Amino acid sequence: MHGWALTFTRPRDPEPLPVTFDRRRVYVLPTRFGLFYAVLVATMLLGGLNYNNNPALLLALLLGGTGLASLVAAQLQLSGLAVTAIDAEPVPAGQMMLLHVHAKAADGRVRRGLQVALDPDYEDPALLDLQPGNGQAQLLIPTSQRGWLELPRLRIATCHPLGLARAWSHVWPQTPLLVYPRPEIDGPPLPEGSGEDAKARLHPSGEDPHHLRGYRHGDSRRSIAWKPSARHESLLVREYQQPAGADIVLEWHSVGGLPHEARISRLARWVDEAERDGRRYRLTLPAQPAIGPSQGSGHRHDCLRALALMPDG
């Protein structure tokens, strides 16, 4: 649909979810095949009238009724459909974000052949089937910059059941999604930790035995404690500890001399590296309380979220 036409369709502004499609929000038009079908039926009808051919008239009326019924059926595929939630896992800027569109139908009817796509770029739509009455579509959307991503209109359409008509409706979710900063591709290694708060972390290649635990798929045979395993009649594995160094402090002022966005990219890269190495780290940003020290997916998200929402320099 052209941009000028979108100004005349509902909704005209972003709206909170859930959103239910009623008959005023569902638009129906014949497809190209539907127009050809209509011309064919009209030709048969005129021919039957001209030659007073009752079987041809009957067939034309039956085909015409089938076409009209397909228009109603296409409209009913969307009428009563509710888009309940839209969510996505944050990704670094420049990567494709996987969008999850959750929908349901209050009447619980099975609905097939629904397609979800960005509007007006109605390309590469995602399939949405509701069975029984609930469904989810996964749609890839591009990201370009860090921060909150405002979603455009989403178009939900169908040509079901006969392909003679296309019914569609729009949803414009008021649901911003978070985009992480783009991490620096190449740069200096992680800064060394300082202070006396060095920690020991569990690692299979350590030297000092720490404790025994149950065997997990993928554990090395060299780490199996055979004698304790024989006593307990189950495989036990030795876990070791090795020093992991002091907590890492990632400071905004430590990357001075770089442009504003380059600082954010470097700190984002260091956050990922510290998380990958299993190190505890703390992030300090201007006019914000320090985050950490800690580690784990939740701590990583807090740090990258703070970097993503940094004001523009």
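Me: How many salt bridges does the count come to here?
Reply: The count comes to 8 salt bridges, where a salt bridge is a side-chain nitrogen of Lys or Arg within 4 Å of a carboxyl oxygen of Asp or Glu. This is a predicted model, in which local features need pLDDT of at least 70 and side-chain atom pairs count only at pLDDT 80 or more, while totals for chains, interfaces and linings use all residues. Residues are numbered from 1 along each chain as its sequence is written, and side-chain values use heavy atoms, with hydrogens and water left out.

Me: Which residue forms a salt bridge with Arg25?
Reply: Arg25 forms one with Glu15, and the closest N and O atoms are 3.0 Å apart. Arg25 sits in the loop between strand 1 (19–20) and strand 2 (27–30), whereas Glu15 sits in the loop between helix 1 (3–6) and strand 1, 10 residues apart. Helices (H or I, at least four residues) and strands (E, at least two) are DSSP runs numbered from the N terminus.

Me: And is Arg25 buried or exposed?
Reply: Arg25 is buried, at a relative accessible area of 9%, and Glu15 is buried too, at 14%. Buried means under 20% relative accessible area, exposed means over 50%, and partly exposed is in between, using a 1.4 Å probe and protein chains only.

Me: What about Arg24, which residue does its side chain meet in a salt bridge?
Reply: The side chain of Arg24 meets that of Asp22, at 3.2 Å from N to O. Arg24 is exposed, with a relative accessible area of 53%, while Asp22 counts as partly exposed at 28%.

Me: Which residues are linked in a network of salt bridges?
Reply: Arg146, Glu261 and Asp312 are linked in such a network. Within it, the side chains of Asp312 and Arg146 meet at 3.4 Å, N to O. Asp312 lies in the segment after helix 6 (297–308) and Arg146 in the loop between strand 7 (134–141) and strand 8 (147–149), so this pair ties together parts that are 166 residues apart in sequence. Asp312 is exposed, with a relative accessible area of 67%, whereas Arg146 counts as buried at 13%.

Me: Switching to packing, how many residues does the largest nonpolar core have?
Reply: The largest nonpolar core has 32 residues, and those with the most contacts inside it are Phe21, Leu81, Leu99, Val101, Leu139, Ile141 and Leu154. Strand 4 (residues 97–105) gives the most to this core, with 5 residues. A second, separate core of 23 residues includes Leu267, Ala268, Ala274 and Leu285. A nonpolar core here is a set of buried Ala, Val, Leu, Ile, Met, Phe, Trp, Tyr and Cys residues joined through side-chain atoms within 4.5 Å.

Me: What is Leu81 in contact with, leaving aside neighbours within four places in sequence?
Reply: With those neighbours left aside, Leu81 is in contact with Val19, Thr20, Phe21, Ala103, Lys104, Arg111, Leu114, Leu130 and Ile156, where contact means heavy atoms within 4.5 Å.

Me: And where is Leu98 placed?
Reply: Leu98 is in strand 4, and it is partly exposed, with a relative accessible area of 34%. The C-alpha atoms of Leu98 and Gln138 are separated by 6.4 Å, although these residues are 40 apart along the chain.

Me: On the sheets, what is the strand order in the open sheet of 4 strands?
Reply: The order is 1-3-4-7, with antiparallel pairing, and two strands pair if DSSP finds at least two bridges between them. Strand 1 and strand 7 are the edge strands, each pairing on one side only. Strand 1 is joined to strand 3 (residues 81–88) by 2 bridges, and the bridge partner of Val19 in strand 3 is Val83.

Me: Last one, how many disulfides does a search of the whole structure find?
Reply: The search finds 0 disulfides, a disulfide being a pair of cysteine sulfur atoms within 2.5 Å.
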